[in-house]
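Hi,

Here's the structure I said I'd pass on to you.

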Amino acid sequence: MTQVDPRRLIPRTDQLLALSAVQEARNRLGDNVIRTIVQDVQQQARLGQLAPEHVRAHLEEALTARTATALTPVLNATGVVVHTNLGRAPLAPGAVEALTAASGYVDVELDLGTGTRSKRGVAVRRALLNACPAAEDALVVNNGAAALVLATTALAAGREILISRGELIEIGAGFRLPDLIASTGARLREVGTTNRTHLKDYEAAIGPETGCVLKVHQSNFRVEGFTAATTLPELHTLTAARQIPLIADLGSGLLAPDSLLPDEPDAGTALAQGADIVTASGDKLLGGPQAGIVLGRAEVVARMTRHPLARAVRADKLTLAALEATVQAGESPVTQALHADPARLRARAETLAAAVNATVVPHDGRVGGGGAPGVPLPGWAIRLPESTAAPLRTGDPAVLPRVHDGACLLDLRCIPEADDARLLTAVRKALGAKH
């Protein structure tokens, strides 16, 4: 009796593509992705890893599990609020709603009343000026580095930019401020020393070739000991008399002072102290999408807006919508995590720890994203065996813990309380998998 090759029983491609589950997934994933998944399942059957009669069910499971993006949502249990490797700021519900509203056709450059073209970003500009009354005008570009590049290009291309040697920072991932500014065609003129820079150093260097003076916040490090720095009010007296633009690169994105972070500069204060322009990121302490924010004197912002580079670095409609919603709300998951109640964090941690027979230990969170270096955020963490870290990272849901001193630590500061049950499920799976 002739035995039928099991591979002949594998459903044909056209049969699988005709399944209702495939048809439903097509709009979400697209034809190319669908065909790849079908071929992968068929190949598993050909290799004997899957019985032919199970192909259809396995395909439906694969389609359900496949999302429209390869990005994996992660529960941030590190205690680092603005975590660059996790996409920095998680968006507020209002910002997510705004993204959905802006995903189709929207009046991003259209006046519906007159039917004529309008300026881009009018709504977010209005929101920023309401939140930062010290600014006369505002501009939004695609990230913080772009805001600084546009400012220095529009104001000092082919000329000199005065900057303290102590502010020639590396902003992350190997990108250094001197290299960034040199790409604009401007020339850096370093003044002072690494640890001490005085007003007289700027006075000695300023001249006909000076395009602007740049003051950069040392956001990702601290210099302590025998130090001195020139303040914005001092620099303002110098630059205003000579009609030279004064740029303050703040980095972190605070629009107003935060009592939790007294040493972190904010846009309102910097402008009140004499800065003509401040640049900052939207996805750090502001808690919005990746964006570069420019606030300052109307005449200077207008020079930047008119520069051809402004077109190359402009923000898209999704960024504008999400940033507007974030600014208007005045609160975000970032601000909530920064100001989380330590007592409530401890109670949540103890509840979860009791459910898995673990212990709770003191744990300081961090601002992250280059903001407020060295400032602790007192809290608590669940202490688990170090061997649970890997299954937590690769589980569903994925959880990123902190591994420290031979332990896996789970800080709930950045995890919404509504996700505590999901976290408990992930921990239980990881504890079972570690053996």
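**The annotated lysine**

The UniProt record, an unreviewed entry, marks K284 as a modified residue: N6-(pyridoxal phosphate)lysine. Bear in mind that what you have here is a predicted model.

So where does K284 sit? You'll find K284 in the loop that runs between β12 (277–281) and β13 (292–296). Is K284 buried or exposed? Its relative accessibility is 13%, and because anything under 20% is classed as buried, K284 counts as buried. Leaving out residues up to four places away in sequence, K284 touches V82, R88, A89, G251, S252, V334 and G369.

**The largest pocket**

Next, the largest pocket, which holds about 1100 Å³ of space. Which of the elements gives the largest share? That's α15, with 4 residues. In total, 37 residues line the largest pocket, and the ones nearest its centre are V74, N76, A89, P90 and C414.

**Rings**

Last, the aromatic side chains. How many aromatic pairs does a search of the whole structure find? The answer is 0. There is a charge over a ring to look at, though: the charged end of R346 sits over the ring of W380, 4.1 Å from the ring's centre.

Terms used. Residues numbered from 1 in each chain as written. Predicted model: local features only at pLDDT ≥ 70, side-chain atom pairs only at ≥ 80, totals over all residues. Heavy atoms only, no water. Phe/Tyr/Trp six-rings, centres within 6.5 Å; stacked < 30°, edge-to-face > 60°. Lys NZ or Arg CZ within 6 Å of the ring centre and 35° of its normal. UniProt positions renumbered as here; feature names shortened; annotations may be inferred. Helix = DSSP H or I, 4+ residues; strand = E, 2+ residues; numbered from the N terminus. Buried < 20%, exposed > 50% of the residue type's maximum accessible area, 1.4 Å probe, protein only. Contact = heavy atoms within 4.5 Å. 1 Å grid on protein atoms, 1.4 Å probe; cavity = no way out; pocket = protein on both sides within 12 Å on 5 of 7 lines; lining within 4 Å. Points joined across faces, edges and corners; volume = space filled by probe spheres on them.
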